Amino acid sequence: MDLGDPAGNVLLTQPVYRVGEKEIRMIKKYTAAVFMIAGCIGIMPVLLAQAPPSYPPQELDRLVSRIALYPDPLLSQILAAATFPDQIQDAARWADQHHYLTGDPLANAIAGDRLPWDPSVQALLPFPSVLDMMASDMGWTQELGNAFLAQQPDVMDAVQRERHRAYDYGYLRSNPQVIVRGGPYIEILPTNPAFFYVPYYDPAVVFFPPRPGFFLGGAIVFRFGVGLGPAFRPWGWGVNRFVWNSHAVYINDRPWGRTWVNRGTYVHPYAVQRYEAPRRVETHQLQERTPAERGAYRGGRERVEEHGRERERR
């Protein structure tokens, strides 16, 4: 079609197309496809962020190596608490400030302060050295918690692989602090169910063949004991355990059911009351550990309690 002026000069030459129903349907189809692709691109980062992690066996072995030889009840609490990494550092600080409390006074302080953390995290407050280890390496703690949420059976298998290595090389044996039960699944239990010793060992040593002349009995050290009597039963102590052959973990005598999928809604049954932030104002004295006290805990050396000595000198 030629468009011209009155004098007949051609100003524009342009073909004219007729758009039928078929063409309209095709335009709508391709337009919808474009918007769908754009929408997928927009939400892809969110979907990827929510994807569960997947750790190969060698990575899981690395993650559990520093805690694989802990007594079963303590190990189960650590795995559960690691699924709340955002609460670990505050809990470690509280444990550090109240390290001088033990037994019933400590249980009363935990309950009286109305702490806003999950009971699985509160259950580790009698173990300042454990919480300090977790808080000082938050990358590891978060990875451990994510692995336990997404791959609980695989994490338990990794623990067993590490235990079998330590057992087969002769490092892991029963002693006055723990009972080691061999078999297809190795259990580590405290000799006194109400008294826990935290083991100290080097993963670079106990999971590898011993060098000639190495004293196997000195590779795993048990020095610090923590008493957990009936006052700590509301946090699950006394009934926490693994059922290794079925890949089940029991916390507070109930199967731990928190997974990657339900981590935002799952509430594990505990006898303790749950409180929201902020915390109640402290009603007792706060005494952070000194560098010497922290060093003794981290190295598994003889316990140092400098605050008690200060009180005696006064």
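Trainee: How many helices and strands does the chain have?

Mentor: The chain has 12 helices and nine strands. Helices (H or I, at least four residues) and strands (E, at least two) are DSSP runs, numbered from the N terminus. Keep in mind that this is a predicted model, where local features need pLDDT of at least 70, side-chain atom pairs count only at pLDDT 80 or more, and totals for chains, interfaces and linings use all residues. Residues are numbered from 1 along each chain as its sequence is written, and side-chain values use heavy atoms, leaving out hydrogens and water.

Trainee: Why is proline 176 called exposed?

Mentor: Exposed means over 50% relative accessible area, buried under 20%, and partly exposed in between (1.4 Å probe, protein chains only). Proline 176 has 67% relative accessibility, so it counts as exposed. You will find proline 176 in the loop between H9 and strand S3 (178-181).

Trainee: And how much of the chain is buried?

Mentor: Buried residues make up 41% of the 314 residues.

Trainee: What makes S8 and S9 a pair?

Mentor: Two strands pair if DSSP finds at least two bridges between them. Strand S8 (residues 248-251) and S9 have two bridges, in the antiparallel sense, so they pair. For tyrosine 250, the bridge partner in S9 is proline 255.

Trainee: In what order do the strands of that open sheet come?

Mentor: The order is S7-S8-S9, with antiparallel pairing. Strand S7 (241-243) and strand S9 (254-255) are the edge strands, since each pairs on one side only.
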